[in-house]
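Here are a few notes to read alongside the structure. Have it open as you go through the points.

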Amino acid sequence: MYLKCFGEFMGTLVLILLGDGVVANVLLKHSKAEGAGWMVITSGWAFAVMAGVFTAIACGSADAHLNPAVTIGFAVSSGQFAKFAPYLVAQMAGAFVGAILVWLHFLPHWRETKDQGLKLGCFCTAPAIRSFAANLLSEILGTLVLVLVVGAIFSKAVAVTGPASGLGPYLVAALVWGIGLSLGGTTGYAINPARDLGPRLAHAVLPIAGKGGSDWGYAIVPVLGPLIGGGLAGMFLRAIAN
């Protein structure tokens, strides 16, 4: 289990370093990618997922969940919950450390960026229109699609032996890219409690130049919504498997 948790830690670290990194690249002042837009952000996050999954597998976690919502979804689907708590700790720690590396990588740019909201956006999500019920629903639906389609990709109904060796991470990355393009504009598609909460904690404790608050009033949405969505997807996968 220790090796699997190390894989989850390293995979999530790489996920956040590249995922939050592309957001910082686009939002922070005087970055050469400043203003590159949503297509770059969604593409960068897709590549971040691909890189994170490969890293997790190479470092010991064949599951490569990188996401407590995925872990809870497959726990509900299988009825086996033993991995949830240790994976959660590893994923949160990886996300926290990954966010610290993003801060270090862009160190001179935080002071040059005066907008506190842009700086916070490099770490965690925020809604385009703030509405608790609507924002929660967006996160539930986005995560439900994530876990459901990941389950479908690796289901025996699609391929008895699963995807061809090495293909899975690319398919999952394409799925995350599609979710971002189609559903991500409402809340920034956290669809992963560790992806949002770990970096939000890092934002709160790091000495980021000119930072504001960490928007804890919204933080429950990208934690609760993905867990609900992942659990619902797990229930559906369990039902269709029986």
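1. Start with D215 and R130, whose side chains meet in a salt bridge at 2.9 Å, N to O. This pair links distant parts of the chain, 85 residues apart: D215 is in the loop between α9 and α10, and R130 is in the loop between α6 (116–121) and α7 (132–153). Keep in mind that this is a predicted model. As for cover, D215 is partly exposed at 22% relative accessibility, while R130 counts as exposed at 53%.

2. How many salt bridges does the count come to? The count is five.

3. Are the two partners buried or exposed? R195 is buried, at 4% relative accessibility, and D20 is buried too, at 0%.

4. Then there's K29, which forms a salt bridge with E34; here the closest N and O atoms are 3.1 Å apart. K29 has a relative accessible area of 34%, so it counts as partly exposed. E34 is also partly exposed, with a relative accessible area of 34%.

5. Moving on from charges, have a look at the nonpolar patch on the surface. Which residues form it? They are F132, I220, L224, I228, L232 and M235, and together they have about 530 Å² of accessible area. Helix α10 (residues 221–241) gives the most to this patch, with four residues. Take L232 as an example: it lies in helix α10, and its relative accessibility of 38% makes it partly exposed.

6. Last stop, H65. Where is H65 placed? You'll find H65 in the loop between α2 (38–58) and α3 (68–78). H65 has a relative accessible area of 15%, and because buried means under 20%, H65 counts as buried. What is H65 in contact with, once its neighbours within four places in sequence are left aside? The list is E8, V70, T71, F74, Y87 and Q91.

Technical notes: Residues are numbered from 1 along each chain as its sequence is written. This is a predicted model: local features need pLDDT of at least 70, side-chain atom pairs count only at pLDDT 80 or more; totals for chains, interfaces and linings use all residues. Side-chain values use heavy atoms; hydrogens and water are left out. Helices (H or I, at least four residues) and strands (E, at least two) are DSSP runs, numbered from the N terminus. Buried means under 20% relative accessible area, exposed over 50%, partly exposed in between (1.4 Å probe, protein chains only). Contact means heavy atoms within 4.5 Å. Patches are made of residues with over 30% relative accessible area and no salt bridge: like charges are joined within 9 Å, nonpolar side chains (Val, Leu, Ile, Met, Phe, Trp, Tyr) within 5 Å. Accessible areas come from the Shrake-Rupley method with a 1.4 Å probe; for residues, only the protein chains shown count as cover. A salt bridge is a side-chain nitrogen of Lys or Arg within 4 Å of a carboxyl oxygen of Asp or Glu.
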